[in-house]
Amino acid sequence: MAPVQYADLGKSARDLSSKGYNFGQVKLDCKTKTANGVEFNSVGAHNTDSGKVNGSLETKYTWSDYGLTFKEKWDTDNNLATEVTIEDQLAKGLKVTFDSSFSPQTGKKSGKLKTAYKHDYFHLNGDVDLDFAGPQLHGAATVGYNGWLAGYQASFDTAKSTLTRNNFAIGYATDDFILHTNVNDGQEFCGTIYQKVNDDLQTAVNLSWTAGSNAARFSLAGKYTLDKDTALSVSVSTLNLALECANNDFRCGFSKLALRLVLVAECERHSFVRSIGLSMMLRSLYIHCLRSVERSLRMMSSEAD
């Protein structure tokens, strides 16, 4: 099995400490999938502090016979984004993605060509930001053997002929334990520990320190699954205390329609509750819902006859 890409080193611990904590927001996330495989994802978020409302609509279609994936996204800032990916077709383990965005209002355009190649013992990434002033080159490599991991990441600005990023990392990973440490640009030193204690409990520790600063950042996080539908997450850091309660799979009449509610709260040292947030995620398989309605109508019609 190929090692993870460089950007995902330590991801399990970072996600447990920060993912899903939408403080100061009321968020609605709706996902559905049609019979021919087209996926729709609509997201709306209201910032309770500024009152600003943001939204986006994303469509995704996968043509598995040819390893192609098409994504299109439009948001309320009037930005259009398109992503085309081809995987395992040009070569086994090779993934090529072209990502572009366009703002009709400002006329701003951007594009990026991303490549990834993975093997049993290494994972390579190479990206190019297409810019007329001079493209920026990004490269990363991860190697793994018997659970040990080592990686390097760099970025080069061709317009300025400058190395803008110079990072390296080492780590060790098993099925239920991940240890990771990295150094960014020789200035920031980070470390993470993730452990899956059992099927119900996960824990994580994150540490970071920047050269020239006496302050170290620390966070301790945990997630406990109360039952198959409910989970409680807690993240304590040097800055705040965050709580998250998630309830999954409220059944809404159809077997393929599920609602997930997430309530979060952020507390500071000198105030009990600084901000709260609420997320609602609705997922359904559209065609199954339609067929359920159709069957119900037919049964009602036959009973009436």
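The following paragraphs lead the reader through this predicted model, from the whole chain to single residues.

Residues are numbered from 1 along each chain as its sequence is written, and side-chain values use heavy atoms, with hydrogens and water left out. In this predicted model, local features need pLDDT of at least 70 and side-chain atom pairs count only at pLDDT 80 or more, while totals for chains, interfaces and linings use all residues.

The chain contains two helices and 19 strands; these are DSSP runs numbered from the N terminus, helices (H or I) having at least four residues and strands (E) at least two. Of its 305 residues, 27% are buried, where buried means under 20% relative accessible area, exposed over 50%, and partly exposed in between (1.4 Å probe, protein chains only). The chain exposes about 19200 Å², of which carbon and sulfur atoms supply 58%; such areas come from the Shrake-Rupley method with a 1.4 Å probe, and for residues only the protein chains shown count as cover.

Helix H1 spans residues 11–18, and its buried residues are Ala 13, Leu 16 and Ser 17. They lie on the same side of H1 because they cover an arc of only 95° around the axis, the arc being that of the directions from the helix axis to the C-beta atoms. Their cover includes strands E13 (188–196), E14 (201–210), E15 (216–225) and E16 (230–237). After H1 comes Gly 20, which has a positive phi near 90°.

Strands E2 (39–47) and E3 (53–63) are separated by a loop that holds Asp 49. E2 and E3 run antiparallel and are joined by eight bridges; two strands pair if DSSP finds at least two bridges between them. Their hairpin has five residues between the strands, and there Gly 51 takes a positive phi near 80°. Asp 49 counts as exposed because its relative accessibility is 71%. Its C-alpha atom is 6.6 Å from that of Gly 24, 25 residues away along the chain.

E3 also pairs with strand E4 (residues 68–75), again in the antiparallel sense and over eight bridges. Lys 60 in E3 is the bridge partner of Glu 39, and Lys 71 in E4 is the bridge partner of Lys 60.

Beyond its neighbours within four places in sequence, His 180 is in contact (heavy atoms within 4.5 Å) with several residues, including Leu 9, Gly 10, Ala 169 and Cys 190.
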